[in-house]
Amino acid sequence: MDKKMLTIDLNSQVMIDKAEKDGVETMYDRKLAMKAQCGFGLQGNCCRICGMGPCRITPKTPRGLCGADEHTIVGRNFARMVAGGTAAHSDHARDLAHTMALSSRDGNYKIREEGKLIELAKEWDVATEGRDIYDIAHEVAEIGLMEFGKPYGVSRLLKNAPKQRQQVWKDYEIEPRAIDREIATIMHSTHIGCTSDLDSLIHMSLRTSMADGWAGSMIGTRFSDILFGTPIPRQTEANLGVLEQTKVNIVLHGHEPTLSEMIVLASEDPELVALAKEMGAEGINLAGMCCTGNEVTMRHGVRIAGDFHQQELAIITGAVEAVIVDVQCIFPALAKVADCYHTKFITTSPKAKITGSTYIEFKEEEALAIAKEIVKEAVLNFKNRDQEKVLIPELKSSATVGYSVDAIIPQLDRVVNSHIDPTGTVKPLVDCLKSGVLRGAAGVVGCNNAKGVSNEAHVTIMKELIKNDIIVVTTGCGAQAAAKFGLMDKDAAKKYAGKGLATVCELVDIPPVLHMGSCVDISRILDLVAACAKNLDMDMSDIPVVGIAPEWMSEKAVAIGCYVVASGIDTYLGIMPPITGSSRAVEILTEGLKDKVGASFTVNENCHELAATIISDIEKKRVHFEKLV
Ligand code: SF4
Ligand code: MSK
């Protein structure tokens, strides 16, 4: 098979060819070499939870040595994926809370959004009158940190949901308690000899995922905005073509804005810019990748080098002086690829040390100094660039990004007010949904998965949705696919959107696909859906809104899928999770949950069929919705 057919991105195809010529192995080579994957793993019915295993379920051995059947094994494996994902998102949020606790007027981390902090403080019953903003920040940070380990009570963020949804959570008993408690409990319950009942395992999975969506991720986004600013619409460009021939190229990859915000500052430091010129470069060019890329493009317009599947390919351009990473979604393979070029692969987090990398530990207390040291490493490396090995592919697309809820609401108010009203409400959006000018809204999120063709499902599904007047909001690597393929360009509405959506886009001056941030920022999507539902006095499950993860791959995505379903939003997956080993797990997740939380999963690995199902389901949902409005 031609490796290049494993991606629809033309830049990636050029780089796959170059890797071949340079003798460098990429994920695409490993995919072809891997041939058939383990059938037990694919179905989720291999258990290695205890030392008597691995136990694999077959018709001849329908139970593991302890007697666990396929339903128990699949359920436990699924639950542990949810725990892994919830831990990753929430630990990210914990770091932000610690950063807020460190914030000070003359330190590295300041409070950028006083209004948002005061609003959150009031929501959390923190006194604000006559107090120094940093005292308030420290108290709010401490309360945020307590959400991870408080001994009693449930997430204080649940009350942001419509009351109808809160009642569903109460009735089904999935209100998450302290974040760490939910993760610890699920790890305990899936230990050998604890829960074997599949319904309980799925119930616990949903409750744990709620500790991600309606606690960890929500704290992460709110604290990031307070510390680094709420995103507003801004112009950028996306794809490997943003790397520059004449500048020091630094690729920022990973997730947490605590590091990347400081790198942005350091890259503007006059001394480092002068040093870059001394080295023969014209300046310093930052480019983002994966969710760090999303964080810095949303707040600074930093251009996007690429998505999860392009991390090796960026280095293969031969034009990258340093790849700087913190946590999550970083291929260990980057060390080997970087060895083939002059690129420095710099790891910074004690939570993600990678063999073969250069490790410079990032400490919030000395953030800017360390960020400057890291950028200096990159700048000094420019002289080692081998021009003969350089090939920067040309393609890049322009995109408008930065659509936080705070940016979307006033902008949509233009539909009725013909000007941007910063105090706007979601009413215009709700009116467009009610009238049917917009048939519905979809959150298209998540990763790239080598089980499919990189970017194909994202782009196909988003194009189909907007053609059918369904507005798309997106985060994570899905957002990067949209940006790369021109769907975040304001002109995309004329080219691809149906009449209703195109009219709204023109009136409001937005693209048909809105970039809402990183994976943690799916909490922004929850906030937007919750605001619409509250405006209509409905449950979130009543409005024609769906969640879609066409190319998901990470445990975080499994946790996200679960909390989106638990929020009453039907969720569509383009990759089958490892659950087919249990017919009952498939039944509960794709049907049974409807009765409990008003939503469930649908899976189809054919992206054209999946898009058609989503559109038809949104139309069916409209029938119910139109009766209620
Ligand atoms: Fe086998 Fe049971 Fe141990 Fe799993 S927990 S590895 S099924 S004996
Ligand atoms: S980075 S979790 S590959 S979206 Fe958030 Fe992309 Fe998925 Fe990582």
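The centres of domain 1 and domain 2, taken over C-alpha atoms, are separated by 30 Å. This is a predicted model, in which local features need pLDDT of at least 70, side-chain atom pairs count only at pLDDT 80 or more, and totals for chains, interfaces and linings use all residues. Residues are numbered from 1 along each chain as its sequence is written, while chains are lettered from A and ligands numbered from 1 in the order in which they are written.

The protein chain is split into domain 1 (70-228), domain 2 (240-389) and domain 3 (401-628), with bounds from an automatic or database domain assignment.

Now the contact between domains 1 and 2. Eleven residues of domain 1 are in contact with twelve residues of domain 2; contact means C-beta atoms, placed from the backbone, within 7 Å. On the domain 1 side, α4 (70-102) and α9 (198-228) are the elements that give two or more residues. Helices here are DSSP runs (H or I, at least four residues), numbered from the N terminus. The largest share of that side, seven residues, comes from α4. By class, the side has five nonpolar, five polar and one charged residues. Cys counts as nonpolar and Gly as polar, while Asp, Glu, Lys and Arg are the charged ones.

Next, ligand 2. Around ligand 2 there are 13 residues, and the closest are Cys291, Cys329, Cys447, Gly476 and Cys477. Two or more residues of this shell come from each of α12 (290-300) and α20 (476-484). The shell has seven nonpolar, five polar and one charged residues.

Where does ligand 2 lie? Domain 2 and domain 3 both give residues to its shell, so ligand 2 lies between them.

Notes: Near = placed C-beta within 6 Å. Contact = placed C-beta atoms within 7 Å.
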